[in-house]
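Welcome! Please keep the sequence and the 3D view open side by side while you read this briefing.

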Amino acid sequence: MLPNRIITLLINLIFMFSAGKFVSSCIYKAVGDKVVISFDDAILQKDNELKWTHDKQKVYLRKGSQIKLNQLNVSEDGSLILENIQKDQSGEYKGIIYDTDGKLITETVQQLCVLEPVPEPTVLFECVEKGVNLNCSAVNNAEVVVSWMKNGIKTSATRLFLHVTSSELKSGDNFSCTVSNQISKKSAEVVKPGCVVTDLHTTTANEDKTREMNNQSENKNIKGNCSCS
């Protein structure tokens with residue numbers, strides 16, 4: 001004999017499917033988009049009662065032809081219409097249809113996730129003693145996924161900061177980062193750090209050329225000031 005808890009669970013599952021309840025994963029939309037949440041194949045009758053909630057708060061209620069509460073737009077077939085959506089409109093939306101006797105006909109539940117498109121990133125770099133530090137300038141939050149490309153090949157790096165050691169760095173290497181979320185994706189322009197690897201430290205090519213010119217200038221001054229007999 002089945003335990004009472006299992007029997008209760010089975011009864012609840014049967015009720016959910018017979019009532020037409022449907023719970024899906026999150027619908028991801030960008031700020032400013034339009035969203036329509038419907039009852040699929042259910043047909044709303046004129047004498048039915050229709051209720052919509054957002055995070056368990058009533059936002060629409062119609063009994064027969066009388067609209068008792070109307071905070072959001074609802075179409076003639078009972079679908080909820082959200083236009084120019086904003087981040088604060090994320091959450092759970094639930095629609096329920098009852099008959100004239102108050103018996104549940106069907107219901108639908110949908111989770112909405114509204115996100116901002118990711119900003120266009122920029123790669124900043126700094127030549128350091130043991131290689132090069134690269135930073136992907138973008139919004140750093142849980143919604144953003146970061147990836148790095150080296151010479152057009154995707155690396156395993158997934159953070160905004162990337163350090164490349166001098167042993168991994170070759171002349172002409174180029175880098176780029178990509179940031180994305182569920183509704184957008186943008187990549188930074190490719191950069192070539194131009195860091196020159198020496199036995200002691202790493203410098204930019206410009207710094208190395210400037211140092212060479214300074215050394216040449218100093219040698220000329222020494223020769224010019226020499227009072228040799």
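What follows is a short tour of the disulfides, a sheet and the nonpolar cores. The model is predicted. It holds three disulfides, an open sheet of three strands, and a largest nonpolar core of 20 residues.

**Disulfide of Cys 26 and Cys 113**

- Start with Cys 26 and Cys 113, which form a disulfide with their sulfur atoms 1.8 Å apart.
- This disulfide is right-handed, because the torsion about its S-S bond is about 120 degrees.
- The pair links distant parts of the chain, 87 residues apart: Cys 26 sits in the loop between helix H1 (4–18) and strand S1 (27–30), and Cys 113 belongs to strand S9 (residues 104–115).
- Are these cysteines buried or exposed? The cut-off for buried is under 20% relative accessible area, so Cys 26 counts as buried at 19%, and Cys 113 is buried with 19% too.

**Disulfide of Cys 127 and Cys 195**

- Next come Cys 127 and Cys 195, with sulfur atoms 1.9 Å apart in their disulfide.
- The link of Cys 127 and Cys 195 is left-handed, with -85 degrees about the S-S bond.

**Disulfide of Cys 136 and Cys 177**

- In the disulfide of Cys 136 and Cys 177, the sulfur atoms are 2.1 Å apart.
- The torsion about the S-S bond of Cys 136 and Cys 177 is about 70 degrees, so this disulfide is right-handed.
- Here, too, distant parts of the chain are linked: Cys 136 is in strand S11 (residues 131–137) and Cys 177 in strand S15 (residues 175–180), 41 residues apart.
- Cys 136 is buried, with a relative accessible area of 1%, and Cys 177 counts as buried at 0%.

**A sheet of three strands**

- Which order do the strands of the open sheet have? The order is S10-S11-S14, with antiparallel pairing.
- S10 and S14 are the edge strands, each pairing on one side only.
- From one strand to the next, the twist averages 20 degrees.
- S11 and S14 run antiparallel and are joined by five bridges.
- To follow this pairing in the 3D view, find Asn 133, whose bridge partner in S14 is His 163, and then Asn 135, which stands opposite Phe 161 in S14.

**Two faces of strand S14**

- In a regular strand the side chains alternate between the two faces of the sheet.
- Strand S14 (residues 161–165) has Leu 162 and Val 164 on its covered face, while Phe 161, His 163 and Thr 165 are on the uncovered one.

**The nonpolar cores**

- What is Val 164 in contact with, leaving aside its neighbours within four places in sequence? Its contacts are Lys 130, Gly 131, Val 132, Leu 134, Leu 169 and Phe 175.

Key:
Residues numbered from 1 in each chain as written. Predicted model: local features only at pLDDT ≥ 70, side-chain atom pairs only at ≥ 80, totals over all residues. Heavy atoms only, no water. Disulfide = S-S within 2.5 Å. Helix = DSSP H or I, 4+ residues; strand = E, 2+ residues; numbered from the N terminus. Buried < 20%, exposed > 50% of the residue type's maximum accessible area, 1.4 Å probe, protein only. Pairing = 2+ DSSP bridges. Axes fitted to C-alpha atoms, helices over the stretch in contact; angles between N-to-C directions. Core = buried A, V, L, I, M, F, W, Y, C linked by side-chain atoms within 4.5 Å. Contact = heavy atoms within 4.5 Å.
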